[in-house]
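Hello,

Here is the structure I promised to pass on to you. Have a look at it first, and then read my notes below.

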Amino acid sequence: MPISRAEIATESGDKLITRLCKHWAHKLEVEQQGSEGRVTFEAGSCLMRAEPGRLHVAVEALDEEGLDQLEGVVASHLERMAGKESLQIVWEN
């Protein structure tokens, strides 16, 4: 299963995880505990972990096509939830 990871500089990691988990909980299986969140999509999953100054995100999918799709979905939602804060999201496989 292919995996991509991104380490994002932000002081809002906990807040972003909470917002995303609440947003996706209406349609998807979501687990959130402390500064970690996990979202299960049809094509794979996303694991998020916040620490001071950083948000670690990993997406895993069944295939490369699904991985590309999840990277786009997760990145666009992170940017939307960040509001005015500009996020630099660079995926590494």
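A residue is called buried when its relative accessible area is under 20%, exposed when that area is over 50%, and partly exposed in between. Please keep in mind that this is a predicted model.

Arginine 54 has a relative accessible area of 30%, so this residue is partly exposed. Its salt-bridge partner is glutamate 7, and the closest N and O atoms of the two are 2.9 Å apart. This pair links distant parts of the chain, because arginine 54 sits in strand β5 (residues 54-61) and glutamate 7 in strand β1 (residues 3-9), 47 residues apart. Glutamate 7 is partly exposed too, at 47% relative accessibility.

The count of salt bridges is 2. Arginine 49 and glutamate 51 also form one, with their closest N and O atoms 3.1 Å apart. Arginine 49 is partly exposed at 34%, and glutamate 51 is partly exposed at 35%.

Now for the rings: how many aromatic pairs are there? The count is 1. In that pair, the ring centres of tryptophan 24 and phenylalanine 41 are 5.1 Å apart and the planes stand at 80 degrees, so the pair is edge-to-face. Tryptophan 24 belongs to helix α1 (residues 13-24) and phenylalanine 41 to the loop between β3 (36-40) and β4 (44-51), so the pair ties together parts that are 17 residues apart in sequence. Both tryptophan 24 and phenylalanine 41 are buried.

Finally, look at the surface, where Asp63, Glu64, Glu65 and Asp68 gather in a patch of negative charge. Aspartate 68 lies in helix α2 (residues 64-82) and is partly exposed, with a relative accessible area of 47%.

Enjoy exploring!

Terms used:
Residues numbered from 1 in each chain as written. Predicted model: local features only at pLDDT ≥ 70, side-chain atom pairs only at ≥ 80, totals over all residues. Heavy atoms only, no water. Patch = residues over 30% accessible without salt bridge, like charges linked within 9 Å, V, L, I, M, F, W, Y side chains within 5 Å. Areas by Shrake-Rupley, 256 points an atom, 1.4 Å probe, with all protein chains shown as cover. Salt bridge = Lys/Arg side-chain N within 4 Å of Asp/Glu carboxyl O. Lys, Arg positive; Asp, Glu negative; His and termini not counted. Charge placed at Lys NZ, Arg CZ, Asp CG, Glu CD. Helix = DSSP H or I, 4+ residues; strand = E, 2+ residues; numbered from the N terminus. Buried < 20%, exposed > 50% of the residue type's maximum accessible area, 1.4 Å probe, protein only. Phe/Tyr/Trp six-rings, centres within 6.5 Å; stacked < 30°, edge-to-face > 60°.
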